[in-house]
Amino acid sequence: MSAVLKSRVAPRAIALRTRGHRHGAITRLVSPSDIGELIKPFVFLDLFDVSASAAPNFGWHPHSGIATLTVLHEGALEYQETTGVKGILPANGIEWMRAGSGVWHTGAARDRTKGFQLWIALPEELENSPSQSHYLSPDQVPEEKPARVILGSYGRAKSAILAPERINYLDVQLAAGERWTYDPPPDHDVMWLAVSEGAVHTPELVCAGEFVAFEESNEAVGIQADRPSRFVLGSAAKHPHDLVLGNYSVHTTRAALAAGEAQIQRIGNQLVTAGLLR
């Protein structure tokens, strides 16, 4: 980074940091009822490192009003949805499932599996829309070094996933000592990062397993790797609605939540009839 660029990038303060709450091999870094309200539309983030033998059995479970997004760093995951979509997500693959009006899904680790799962609160016009999925193999994920562009765009790279506008989500790897500056779009006032490997200076040190949210602004963030490091970074225009929460759902109004939960119940009844759910 040049001296001129260094002088332009004033440190953007960290407003919050956490190591979350660990439940076995899964660490809950963000929930809709806590940090999610501060960094919405990003409302949930899990960091997972599970073995196939000790992986939790998620079974069939529902969502509405959100999109779920899995970034798989290692291993492989089986997945199946009530939309009829099923398959195996390989290492460095991406899963995007827009639950919308309601969907059920299930999954299982094929071997030791590491990565992040993120939930994004959908805008009003999409929260009760038909469900939609998009799965990307590693070679379908665009790159603008040092970032893989999961959602939105960065530099010349643009994600193929049809996500709501004004959201960027990047998967970044830096070599030891490497410096990188992320300059968000002017209307992105929310920004955070979570480190899965290594440690980075922002300028405060953030180590593997930590999540930090930056103060609300559209200022750039300079990042330098203390050692070989990998992290995910999100930036967005802040979601303008209060979060109305169900058990597996996030909506903008109670009426929208009720519609989503009614659709979830209808699909659940179909799973019971098919013998897939008790």
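Here is a short exchange on the rings and the cores.

Modeller: Bear in mind that this is a predicted model, where local features need pLDDT of at least 70, side-chain atom pairs count only at pLDDT 80 or more, and totals for chains, interfaces and linings use all residues. Residues are numbered from 1 along each chain as its sequence is written, and side-chain values use heavy atoms, with hydrogens and water left out.

Colleague: Thanks! What makes Phe-44 and Trp-119 a stacked pair?

Modeller: Rings of Phe, Tyr and Trp (its six-membered ring) pair if their centres lie within 6.5 Å; planes under 30 degrees apart count as stacked, over 60 as edge-to-face and the rest as tilted. Here the centres are 4.2 Å apart and the planes lie at 15 degrees, so Phe-44 and Trp-119 are stacked.

Colleague: Why is Phe-44 called buried?

Modeller: Buried means under 20% relative accessible area, exposed over 50%, partly exposed in between (1.4 Å probe, protein chains only). Phe-44 has 6% relative accessibility, so the residue counts as buried. Trp-119 is buried too, at 8%.

Colleague: And how do you know that Phe-42 and Trp-192 are edge-to-face?

Modeller: Their centres are 5.4 Å apart, with 80 degrees between the planes. Both residues are buried, and together with Tyr-169 and Phe-211 they form one aromatic cluster.

Colleague: Which residues have the most contacts inside the largest nonpolar core?

Modeller: A nonpolar core is a set of buried Ala, Val, Leu, Ile, Met, Phe, Trp, Tyr and Cys residues joined through side-chain atoms within 4.5 Å. The largest has 30 residues, and those with the most contacts include Phe-42, Tyr-169, Trp-192 and Phe-211.
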